[in-house]
Amino acid sequence: MTLTITTEDWHTAGEPFRIVTSVDTVGATVAERRANAMTGEPDRLRRFLCLEPRGHDDMYGGFVTPPDDEGADFGVLFWHKDGFSTACGHGTMALGAWAVATGRVPAPDDGEAVVSIDVPSGRVQARVQREAGRTTAVVFRSVPSRVLQRGIRLDTSRGTVDVDLAYGGAVYASVPTTALGLQVRRADAPELIRLGREIKWALNDHPAARLDDARLSGVYGTILHDDLGRADDGPWQRNVTIFADGEVDRSPCGSGTAARVALLADSGELAAGEWLTHDSIVDTRFRARVAETVADGVIPEVTGNAHPVGTCTFTEAPGDPLPLGFSLR
């Protein structure tokens, strides 16, 4: 029989997010559903929807699931070309805008709707801001984020650098591009991808990247960042996040921005009441701040917006030689 799956595709600041509501998952919590999905039919469907010829090496998406309890509107399993991630800020923003646009969560024409979503790393919020019946911004309220270790000396193919590890729903390595002789620009993208992968795998098993919950352990991505000085209300940076095994985030990266907020707040570069202006490699922008200080770090809020791209119906016909797709990276 022919397999048919319909998706609703969105993008957040240029980064794709493919929303799927028809895939069954198993588990009492979203974290359990993620663990079960890794070796079951959802993983096959992830590959089917993510990889070429139906997707590409930088595709991203999520399977909408039931929430852990009545405190959230729904849950989600985030996925990319290499598997299922623990957190995704740009996906949370897309899901918030989608939930309001489809009527899944009621929203005023003017004001704000709060969409609560259970993700593998905890419960997050998307505050969808509305004016005259139109979504004008989505605020992603992250899980508690913290510095794991600073100044890890690492020998790379472009010399020795100091790397900071921080947690923003996933573990990220942060490196200034000046230390590598590069800039966050499209012309440097191939080398940024190569170095992002190199740094991630070099530190993936570092003790600071091993968290109490093994499901959250390991370096998820490398954030390569440029310092652009200061805007009127705080630091201004450009970054590209290379996550999974060589995927390039077109947006400024939601959970990566949360990790950067934790680092900048810890160093005093992002003071109380200030905002981080965070630009991407394609010149889109998030704005972020510390919403709250907690015992184990800070709770960042990241503001951006998401937009619909289209509705797609994908099929797997009998005899298709590439039912699980392929990757060239």
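A cavity here is a set of points, on a 1 Å grid over the protein atoms alone, where a 1.4 Å probe fits but cannot get out; its lining residues have an atom within 4 Å of a point. Keep that in mind for the first stops. The model is predicted: local features need pLDDT of at least 70, side-chain atom pairs count only at pLDDT 80 or more, and totals for chains, interfaces and linings use all residues. Residues are numbered from 1 along each chain as its sequence is written, and side-chain values use heavy atoms, with hydrogens and water left out.

**Stop 1: the largest cavity**

The structure holds 2 cavities of 30 Å³ or more. A volume is the space filled by probe spheres set on the grid points, which are joined across faces, edges and corners. Select Y60, A87, C88, G89, H90, Y172, Y220, F243, D249, C253, G254 and S255. They line the largest cavity. Two elements give two or more residues to this lining: α3 (89–101) and α5 (254–267). Helices are DSSP runs of H or I, at least four residues, and strands are runs of E, at least two, numbered from the N terminus. The volume of the largest cavity is about 70 Å³. Its lining has 7 nonpolar, 4 polar and 1 charged residues. Ala, Val, Leu, Ile, Met, Phe, Trp, Tyr, Cys and Pro count as nonpolar, Asp, Glu, Lys and Arg as charged, and the others, Gly among them, as polar.

**Stop 2: the second largest cavity**

Now select F78, A87, C88, T92, V119, S121, V124, F140, S142, V143, G168 and G169. These residues line a cavity of about 50 Å³. Here the lining counts 7 nonpolar, 5 polar and no charged.

**Stop 3: the cysteines**

Select C88 again. It is buried, at 5% relative accessibility (buried is under 20% relative accessible area, exposed over 50%, partly exposed in between, with a 1.4 Å probe and protein chains only). The closest cysteine sulfur to that of C88 is in C253, 7.4 Å away, too far for a bond. Next, C50. At 0% relative accessibility, C50 is buried too. Its sulfur lies 12 Å from the closest cysteine sulfur, in C88, again too far for a bond. How many disulfides are there? The count is 0, taking a disulfide as a pair of cysteine sulfur atoms within 2.5 Å.

**Stop 4: helix α1**

Select residues 30–37, helix α1. V30, A31, R33, R34 and A37 are buried. Look down the axis of α1: these residues fall within an arc of 160°, so they line one face of the helix. The arc is that of the directions from the helix axis to the C-beta atoms. Show α2 (41–50), β3 (61–65), β4 (74–80), β5 (83–85) and β6 (111–119) as well. The buried residues of α1 pack against them, with contact meaning heavy atoms within 4.5 Å.

Definitions and conventions
On a 1 Å grid over the protein atoms alone, a cavity is a set of points where a 1.4 Å probe fits but cannot get out, and a pocket is an open set with protein on both sides within 12 Å along at least five of seven lines; lining residues have an atom within 4 Å of a point.
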